[in-house]
Amino acid sequence: MKIKEWIKTLTFYELLLGMKTTMSHLLRYKPITIQYPHEKKPLPENYRGMLALLKYDDETEKCVGCDLCEAACPSRVIRVVSAEVPGEPTKRYSKEYYMDMTRCLFCGLCVQACPVDALGMTREFEWAVYDKRNLHLNKQQLLAIGDRAFPVREKRIEFQHPNVAHFNVAFQSLPQKES
Ligand code: SF4
Ligand code: SF4
């Protein structure tokens, strides 16, 4: 038994055994290094990236300034300043909308809280900046992200659900109610 151990020590048996495993992996697998940014890994389907504000297909903003996203956000990222729609006193919109993306956890709670699907999570992740003040986004910047990330837009809610819209007394040009 002792002679066997001596022979193993003298011939670097354990070392050769380890090298055999290393060499077998080296020859069997192709390199997996990705040459970012020229190559990119595919993102998972449910990837949660940069947030965006969305519009309907007629260019009107979806946000109704209800503040629910602000209330739902655990990191106090969002600040909404809402106001009445001029000439339509029962309707509101977000006059100003800010997101401090340095604080965002990308949890998606704001998206879930929004009653009109005005917020969306894009698949954008390349948002490294030298000055973190560039990550304090205003409404126009968030709408621009939404424009490029979600080119296909929904119809206004009044046109998606005409029977429900019949009760929306504030809407000026209601679609015909389905009989
Ligand atoms: S994703 Fe989460 S942390 Fe980020 S703004 Fe929405 S609720 Fe706040
Ligand atoms: S984004 Fe949605 S939840 Fe937030 S204020 Fe606008 S309508 Fe309300």
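This is a predicted model: local features need pLDDT of at least 70, side-chain atom pairs count only at pLDDT 80 or more; totals for chains, interfaces and linings use all residues.
Biologist: Where does Lys 62 sit, and which residues does Lys 62 touch?
Modeller: Lys 62 has its place in a loop. That loop lies between strand S1 (51–53) and helix H3 (68–72). Leaving aside residues up to four places away in sequence, its contacts are Leu 54, Lys 55, Tyr 56, Val 116, Asp 117, Ala 118 and Glu 154.

Biologist: Which residues are the closest to ligand 2?
Modeller: Ligand 2 is surrounded by 13 residues. By class, 11 of them are nonpolar, 1 is polar and 1 is charged. The closest are Cys 63, Val 64, Cys 66, Cys 69 and Cys 114.

Biologist: Is Cys 63 buried or exposed?
Modeller: The relative accessibility of Cys 63 is 14%. Burial means under 20%. Cys 63 therefore counts as buried.

Biologist: Which residues stand around ligand 1, and how many of them are charged?
Modeller: The shell of ligand 1 consists of Leu 51, Cys 73, Pro 74, Val 77, Ile 78, Cys 104, Leu 105, Phe 106, Cys 107, Gly 108, Leu 109 and Cys 110. Cys 73 is buried, because its relative accessible area is 14%.

Biologist: How many disulfides does the structure hold?
Modeller: A disulfide covalently joins the sulfur atoms of two cysteines. Here the cut-off is a sulfur pair within 2.5 Å. The number of disulfides in the structure is 0.

Biologist: What is the strand order of the open sheet?
Modeller: The sheet has 3 strands with antiparallel pairing. Its edge strands, S2 (78–85) and S5 (136–137), each pair on one side only. The order is S2-S3-S5.

Biologist: How many bridges join S2 and S3, and which residue is the partner of Ser 82?
Modeller: Strand S3 spans residues 88–100 and runs antiparallel to S2. The two are paired over 8 bridges. Ile 78, also in the shell of ligand 1, stands opposite Met 99 in S3. The bridge partner of Ser 82 is Ser 94.

Biologist: Which residue in the turn between S2 and S3 has a positive phi?
Modeller: S2 and S3 make a hairpin. There are 2 residues between them. With a phi of about 85 degrees, the residue is Gly 87.

Biologist: At what angle to S3 does helix H5 run?
Modeller: H5 covers residues 139–149. This helix lies across S3 and S5. Its angle to S3 is about 90 degrees.

Biologist: How many residues of helix H1 are buried?
Modeller: H1 takes in residues 2–10 and is hardly covered. After H1 comes Phe 12, with a positive phi near 50 degrees. Of the 9 residues in H1, the buried count is 0.

Biologist: What percentage of the protein's residues count as buried?
Modeller: The protein has 7 helices and 5 strands. Among contacts with a separation of 6 or more, 64% join residues 24 or more positions apart. Of the 179 residues, the buried share is 27%.

Notes: Residues are numbered from 1 along each chain as its sequence is written. Chains are lettered from A and ligands numbered from 1 in the order in which they are written. Side-chain values use heavy atoms; hydrogens and water are left out. Two strands pair if DSSP finds at least two bridges between them. Helices (H or I, at least four residues) and strands (E, at least two) are DSSP runs, numbered from the N terminus. Contact means heavy atoms within 4.5 Å. Axes are lines fitted to C-alpha atoms, for helices over the stretch in contact, and angles run from 0 to 180 degrees between N-to-C directions. A residue is near a molecule or strand if one of its heavy atoms lies within 4 Å of it. Ala, Val, Leu, Ile, Met, Phe, Trp, Tyr, Cys and Pro count as nonpolar, Asp, Glu, Lys and Arg as charged, and the others, Gly among them, as polar. Buried means under 20% relative accessible area, exposed over 50%, partly exposed in between (1.4 Å probe, protein chains only).
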